[in-house]
Amino acid sequence: AAMAARCWLATRFHHIHGTNIRLDASHTQATRVESFANGLCFSQEPLAPGQIFLVEIEEKELGWCGHLRVGLTAHDPQNLEVVPEYSLPDLVNMGDTWVFAITRSHNRAVVEGEEAQARGRPWEPFLLIARVRIPRDTLVGRSRPGRYSHILDDLYKMNVLPATARRSRIGVLYAPQPDGTADMHIVINGEDMGPSARGLPTTRPLYAVIDVFASTKSVRVIPVDYGFPSLQTLCRLVIQKHIVHRLAIDGLDLPPLLKSFCQ
């Protein structure tokens, strides 16, 4: 029960945040109200091993260069004398912090001689990261091109959607390793980008870091249920597996409510 309560609290933003951030009453939505910086946010509680801190991009702001930044820190936000203006480089320069900017591609920390591992098919019901098993359905944003697109962005017309588009979902977690350290993983719309950082300390609490920076204006925390996917969700995954694009679902001989759910 204590672990469940802690995990529930971790799906909220900490009351300590950057000076340009405004949280809603539930502490699940963070909006940068002015400028392009001072948008640093943290999880309310340290993450448990394998627990993903997942946010959805709700609003974008044109005119700025740069996108959302995410990562982990061993610094308790409560103990910060001043919240840094930027996660990169300010917070990272304080040490024991690992943060990356989200771009169309993403960095992967590969050990010499190690080959890149397959990320798995996007219609598989679970995302597997080390011993962590997460239902993929919640991880996928609604603006995903192809089978997951909901035509919420003009970019769907080109079938090209950057990771930082509106409604994309981006998460961060750490996976413990046999040597007692942990690897940090960033998950973008249900795809594991691989270890972004290695050798994180598991003996210290690790908080999620979300920097609502530049063209990203507002994000919302998405709770993730680690239970089994429902039969309804599994049926949708099977249908999506065999459909090239969401528009093709309209032509299927299915009840309207099921079509809507599949889309």
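This is a predicted model: local features need pLDDT of at least 70, side-chain atom pairs count only at pLDDT 80 or more; totals for chains, interfaces and linings use all residues.

Guide: A residue is called buried under 20% relative accessible area, exposed over 50% and partly exposed in between, with a 1.4 Å probe and protein chains only. Residues are numbered from 1 along each chain as its sequence is written, and side-chain values use heavy atoms, without hydrogens or water.

The mean pLDDT of the protein is 82, and 77% of its residues reach 70 or more.

The structure holds 5 aromatic pairs; rings of Phe, Tyr and Trp (its six-membered ring) pair if their centres lie within 6.5 Å, with planes under 30 degrees apart counted as stacked, over 60 as edge-to-face and the rest as tilted. Phe13 and Phe53 form an edge-to-face pair, because their ring centres are 5.8 Å apart and their planes meet at 70°. This pair links distant parts of the chain, 40 residues apart: Phe13 lies in the loop between helix H1 (2-10) and strand E1 (21-23), and Phe53 in strand E4. Helices (H or I, at least four residues) and strands (E, at least two) are DSSP runs, numbered from the N terminus. Phe13 is buried at a relative accessible area of 0%, and Phe53 is buried at 2%.

A tilted pair joins Phe36 and Tyr86, with 6.4 Å from centre to centre and 35° between the planes. Here, too, distant parts of the chain are linked, 50 residues apart: Phe36 belongs to the loop between strand E2 (29-32) and strand E3 (40-42), and Tyr86 to the loop between E5 and helix H2 (87-93). Phe36 is partly exposed, because its relative accessibility is 27%. Ring pairs link Phe36, Trp64, Tyr86 and Phe213 into a cluster.

The charged end of Arg69 sits over the ring of Phe213, 3.8 Å from its centre; this requires NZ of Lys or CZ of Arg within 6 Å of the ring centre and within 35 degrees of the ring normal. Arg133 likewise has its charged end over the ring of Phe126, 3.7 Å from the centre.

Notes: pLDDT is the predictor's confidence in each residue, from 0 to 100.
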